[in-house]
Amino acid sequence: MSEIEDYVPESTLGLDSAAFYLRYPHPVLFVEEPGSASETTEFMTLAGHQQASNVAAAAAKQGGRLIRIRKRGGNPFAMMITIGRALNNDIHIPGKDISKFHAFLSRSGSDWQITDAGSTNGTFIAGEQLPLRSARPVELGVPIVLGSTQVTLLEGDHLYQHLARTVG
């Protein structure tokens, strides 16, 4: 796979949505890991604390990281995109409350599903916990919570709109 294929766009680069989708047709997962602002501001002066709060607020506005959804070499589960704390997952999320193999995404045609793989801290959509090992449809742009980490599946117009909103 080339570097171009692995590239996840950080902006819309002045493209309209149709041109953007032709250039970046790959689905991504927007991952918003819980911050630890209290750890970074604990021994700061009031001015330092305010500056750190402003940085945290700006980071929250831009928010998270984009990870291209794709199979990694060496992962034996061909029909699923695995998500978890272990490094051998297709999508690695290092959070303490993320299970080693927390959940997985699968696709049938253009439809996506997510399945909780038996995680300790659960997988939630719209505040409702998913039953273990039972696939649930995923809508583009609808947040999913894994432990305390929020992820959102983005593709096409949803990805374009997210990037246009956050970084231009």
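## Strand pairing around S5

Strand S3 (residues 81-84) and strand S5 (residues 103-108) run antiparallel and are joined by three bridges; two strands count as paired if DSSP finds at least two bridges between them. Strands here are DSSP runs (E, at least two residues), numbered from the N terminus. Within this pairing, Ile81 stands opposite Leu105 in S5. The model is predicted, so local features need pLDDT of at least 70 and side-chain atom pairs count only at pLDDT 80 or more, while totals for chains, interfaces and linings use all residues. Residues are numbered from 1 along each chain as its sequence is written, and side-chain values use heavy atoms, with hydrogens and water left out.

S5 also pairs with strand S6 (residues 111-116), in the antiparallel sense and over six bridges. Ser106 has Gln113 in S6 as its bridge partner. S5 and S6 form a hairpin with two residues between them, and Gly109 in the turn has a positive phi of about 65 degrees.

## The open sheet

An open sheet is formed by six strands in the order S2-S1-S11-S10-S7-S8, with antiparallel pairing. Its edge strands, S2 (65-68) and S8 (128-129), each pair on one side only.

Inside this order, strand S10 (residues 143-146) is joined to strand S11 (residues 149-154) by four bridges. Val145 stands opposite Gln150 in S11.

## Aromatic cluster

Phe20, Tyr24 and Tyr160 form one aromatic cluster. Rings of Phe, Tyr and Trp (its six-membered ring) pair if their centres lie within 6.5 Å; planes under 30 degrees apart count as stacked, over 60 as edge-to-face and the rest as tilted. This rule gives three aromatic pairs. The ring centres of Phe20 and Tyr24 are 5.1 Å apart and the planes lie at 45 degrees, so this pair is tilted.

Phe20 and Tyr24 are both buried (under 20% relative accessible area, with a 1.4 Å probe and protein chains only).

Terms used
Buried < 20%, exposed > 50% of the residue type's maximum accessible area, 1.4 Å probe, protein only.
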